[in-house]
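Let's take a friendly walk through this model, one neighbourhood at a time. Keep the structure open beside you as you read.

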Amino acid sequence: MTAPVLSSLLRINRQRIRTLRQTALTPHGYVGVMHLIVLYAGRHPGASQEEIVSFYAVDKASVARDARRLEDLGHIRREIDPANRRQYRLFLTAPGEEMLAVIDRAHQDFQRTLAANFSSGDWELLAGLLQRLEENACRPCPPPCAGEL
């Protein structure tokens with residue numbers, strides 16, 4: 001029952017990433033999870049790298065490496081967190097804000113493509129259903145049964 005839904009979601013996301021890379025990321029030298037860092041830091045100024053790792057369920061080393069790349073490009077500023085000197089807080093710079101706008105435009109364009117032939121009611125229904133799926137997916141996993149250990 002869920003396999004076709006999950007398969008469709010995966011294919012849509014892969015197409016989104018492919019389109020995003022072709023239109024917005026590659027021309028600006030973005031690789032890996034750089035765009036996710038910019039998106040999150042743009043919406044949550046001062047976010048930690050750990051928050052980004054947790055939110056997107058991505059590799060900690062990838063976030064650290066790509067945050068350094070973004071800092072080298074001048075798109076983010078990393079500040080040591082005074083409460084935990086082992087963590088960085090991330091802030092977009094002016095070029096980072098410009099790149100955030102590029103990424104947002106690319107996402108809006110892709111969303112318009114997806115929404116073709118959908119009524120606004122259909123789109124709202126789909127958004128609500130996907131929100132519920134996301135909430136279910138983000139719930140903590142139950143402990144394994146004794147027989148599954």
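Predicted model: local features only at pLDDT ≥ 70, side-chain atom pairs only at ≥ 80, totals over all residues.

Four aromatic pairs are counted here. In one of them, tyrosine 40 and phenylalanine 55 have ring centres 5.2 Å apart and planes at 50°, so the pair is tilted. Because tyrosine 40 belongs to helix H2 and phenylalanine 55 to helix H3, this pair ties together parts that are 15 residues apart in sequence. Tyrosine 40 is buried, at a relative accessible area of 9%.

Another pair brings together phenylalanine 118 and tryptophan 123: their centres are 5.6 Å apart and the planes stand at 85°, so this one is edge-to-face. Both partners are partly exposed, phenylalanine 118 with a relative accessible area of 39% and tryptophan 123 with 23%.

Now turn to the largest nonpolar core. It has 27 residues, and Tyr30, Ile37, Val38, Val63, Leu70 and Ile103 touch the most other members. Helices H1, H2, H3, H4 and H5, along with strand E3, each supply at least two of its residues, and H2 gives the most, with seven. Leaving aside residues up to four places away in sequence, isoleucine 103 touches Leu20, Leu25, Tyr30, His35, Val38 and Leu39.

Finally, look at strand E2, where you will find aspartate 81. This residue is buried, with a relative accessible area of 7%. Its side chain makes a polar contact of 2.8 Å with that of arginine 89. Beyond four places in sequence, aspartate 81 touches Gln87, Tyr88 and Arg89.

Definitions and conventions. Residues numbered from 1 in each chain as written. Heavy atoms only, no water. Helix = DSSP H or I, 4+ residues; strand = E, 2+ residues; numbered from the N terminus. Buried < 20%, exposed > 50% of the residue type's maximum accessible area, 1.4 Å probe, protein only. Polar contact = N/O pair within 3.5 Å; in protein donor to acceptor, adjacent residues only side chain to side chain. Contact = heavy atoms within 4.5 Å. Core = buried A, V, L, I, M, F, W, Y, C linked by side-chain atoms within 4.5 Å. Phe/Tyr/Trp six-rings, centres within 6.5 Å; stacked < 30°, edge-to-face > 60°.
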